[in-house]
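I opened my notebook to look up a few things, one after another. Come along and check each entry against the picture.

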Amino acid sequence: MPALPLDELQLTERDPKTGKLRTLPALHPEIKADRSFVLYRPPPVVRDPASVEEFLERAKFIADDLNWLLALPHDKFWCQVIFDETLQKCLDSYLCYAPRKFDELLDCHPEVDDVQKCLHRSVFLTFLRMSTHKESKDHFITPSVFGEIIYNNFLFDIPKILDLCVLFGKGNGLLLQKMIENIFTQQPSYFSDLDETLPTVLQVFNNILHKCGLQCGGASAEPQKLEEKVNVTPGNMPLQELKDIVLYLCDTCTTLWAFLDVFPMACQTFQKHEFCYRLASFYELAIPELESAIKKRHYEDNSVFADLWRRISHSRKKMIEAFHILINQVCLQPILESSCENIQPFIEEFLQIFTSVLQERRFLRDYDELFPVEDDVSLLQQASSTLDETRTAYILQAVESAWEGVDRKKAQVIKDPTPPAASNGASVIGESTVEDVEELGAAYVSEDECAGAAAAPVVKVSGVELDSLISQVKDLLPDLGEGFILACLEEYSYNAEQVINNILEDKLVPYLDKLDRTMQRQLKPDPTPLVTSRYNVFQNDEFDVFSRDSVDVSRIQKGKRREKDTTRSLLNDKRLIAEQRERYRQYSMIVEEIPVQQGEAQLYKEDYEDEYDDTYDGNQVGANDADSDDELISRRPFTIPQVLRPKGQEEGQEEEEEDEEEEEEEAEKERTKDHFVQDPAVLRERAEARRLAYLTRKGHKHDSSAVVGNVKGHGQNRETVQERRKKEANKSTRANHNRRVMADRKRNKGMIPS
């Protein structure tokens, strides 16, 4: 017979009052045992013996009661859980007051630590069993009824789940993830509860901004009334109020990060309320103001400053990591898991989120330091070929502009390794002091060491500017030494006014009070002296005495060299001839026979004949093969070299080549010739016009027609006679009519032998 679920199981028992048998459901209030669970109180802050004893007694009571509860059978356990209100109040008190890992590190008694770890484990096992609807085949609850039981009886709600994540998330991530997933799966109403809880979470951010005197720029921000005047700022508020705000912020940010890290399925619900934009906007407004207030405030005890800075750095890091989890779950993870057809909405969501936070420069810089935006954009480019390059380039350019003026250093995000779970699956972490120090960054003792994951860098002042600050303080306080003033400036971020004010009011930090006020400034030696830092074209050459110990002195010449190469010395230099004489001596004689030395290999035989062997000249070996016919048979004709040709044959060959070239030119002209025949008279007129234009350019005057005159025998007129006489007298200036005169001139100069 199959076992029935616990919600359908009926138990038969005898009524203690009447003694009669009766049938009751397995989940009935009368089955609950009468046991009162005490409330939890946190460990004592100081080592007071009475407080320690009280805590140990109370914690042991709770641990014993929870161990008794865990040992109950399945039906009695659920009856006790559902109907015992003191149990729920006890568990709620532990979730509220149990110390978180980011709380102040206390020097507790060793016995207190042991009891706290034991109680921590028992509480986790109790919640783990409460979230399990099936323990075995015989002991289980119907899933739908299980969801109604835990929801209607408030065994789990959103605040409890958030506290469970922040208390037990480290070291028990896998168990806690299965536990919360089972709760949300069996009762989907928790998703709607989470959706209704998120406006309250966002209101927490607005409350912090209001306490700090800042105005939120989000969509839900209310306009400030005109009569309201903000007088309180993080810089002038009381120290206790500042500590409360920082602790409140640290608790909120760590809880949200722990919940998103354990249960990533809630990221979609968070993003419905534009949580990424609201988180970035709050970060940009609150974090710089709180950091500045913590740095500038005067502390009597330096440990207070270290604790505040540790908390604000931890809060900043958890906000950035929570933003990254949202981006990864909402946009990047679906892109990696979906096909190419379904990734476009997720890419658009990614671009939309980053476009909305581009104006938050400090947040962008800190986020890019831990999780480079360029890597996420590169992932999108690999996943989609239709990515809008303009929008991605705009986002990357905005990230780069956020780094302007700041030294860019990429931080390596090292995730804490998860400790191996015990065999019973219920290993609960007991955070040690060393682990807390490693994760939270310990306590910083100076402002230079306060640059956490993305702290603003401290500007280093040196040179003339530092001397000016020292002289500014020394003018008002001349009895102080420059070394003491320099130490004060380094402590107070090179703020001369603050240094003067703290010295006059005697508010210096303890370690500065212990210094000698007449201490002089110690000049630091230049790590790179002039000799080793010089750079010129002759550095490290063969004569550089700064880089080498020995120098070839023979190559050093002072003044001009006496032995200067002249034409006579070059002509008298016969070294090249001597070098070539031995080479050409090999060609001076021809030896017909080479003597063979005894013992050498018989390379030369006495009966060796130098006659040509023509035995195989008539055989064409392989000539008829199909693959080598053209290569062996088709040979080019034999040509006599030009140097061996007879002179006549050489000239005849050249004439033939010239004739061939002329024939080719004539054929080319014949092809390009225009066969249209013009009027000869027109051609003569054009030729005459070209000739006259040519003569005109040369400066020749056209001969007068009077020189020609009339036909012979008809007599000549006066003008013709004058022109002929002038032409006869001046004809030696043109043409070749002065040959005799020029010949006489050459002979007189001795150019022609007589």
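Entry 1: I started with helix α27, which covers residues 680–698. Next I checked what follows α27, and found Gly 699, with a positive phi near 95°. A note to myself: this is a predicted model.

**Entry 2: positive phi outside glycine.** Which residues other than glycine have a positive phi? Phe 154 is one of them, with phi near 55°. I found Phe 154 in the loop between α5 (143–152) and α6 (158–168). Is Phe 154 buried or exposed? Its relative accessibility is 57%, and exposed means over 50%, so Phe 154 counts as exposed.

Ser 493 is not a glycine either, yet its phi is positive, at about 55°. Ser 493 belongs to the loop between α19 (482–491) and α20 (496–504). With a relative accessible area of 38%, Ser 493 is partly exposed, because that value lies between the 20% and 50% cut-offs.

**Entry 3: aromatic rings.** How many aromatic pairs are there? The count comes to 26. I picked out one of them, Phe 259 with Phe 263: the ring centres are 6.0 Å apart and the planes make an angle of 45°, a tilted pair.

**Entry 4: charges over rings.** Which charged residues sit over a ring here? I noted Arg 129, which lies over the face of Phe 77 at 4.2 Å from the ring centre. I also noted Lys 318, whose charged end sits over the ring of Trp 257, 3.6 Å from the centre of that ring.

**Entry 5: a nonpolar patch.** Which residues make the nonpolar patch of about 290 Å²? I wrote down Phe 543, Val 553 and Ile 556. I then looked up where Ile 556 is, and found this residue in the loop between α22 (530–533) and α23 (567–572).

Note on methods
Residues numbered from 1 in each chain as written. Predicted model: local features only at pLDDT ≥ 70, side-chain atom pairs only at ≥ 80, totals over all residues. Heavy atoms only, no water. Phe/Tyr/Trp six-rings, centres within 6.5 Å; stacked < 30°, edge-to-face > 60°. Lys NZ or Arg CZ within 6 Å of the ring centre and 35° of its normal. Helix = DSSP H or I, 4+ residues; strand = E, 2+ residues; numbered from the N terminus. Expected span 1.5 Å × (residues − 1). Patch = residues over 30% accessible without salt bridge, like charges linked within 9 Å, V, L, I, M, F, W, Y side chains within 5 Å. Areas by Shrake-Rupley, 256 points an atom, 1.4 Å probe, with all protein chains shown as cover. Salt bridge = Lys/Arg side-chain N within 4 Å of Asp/Glu carboxyl O. Buried < 20%, exposed > 50% of the residue type's maximum accessible area, 1.4 Å probe, protein only.
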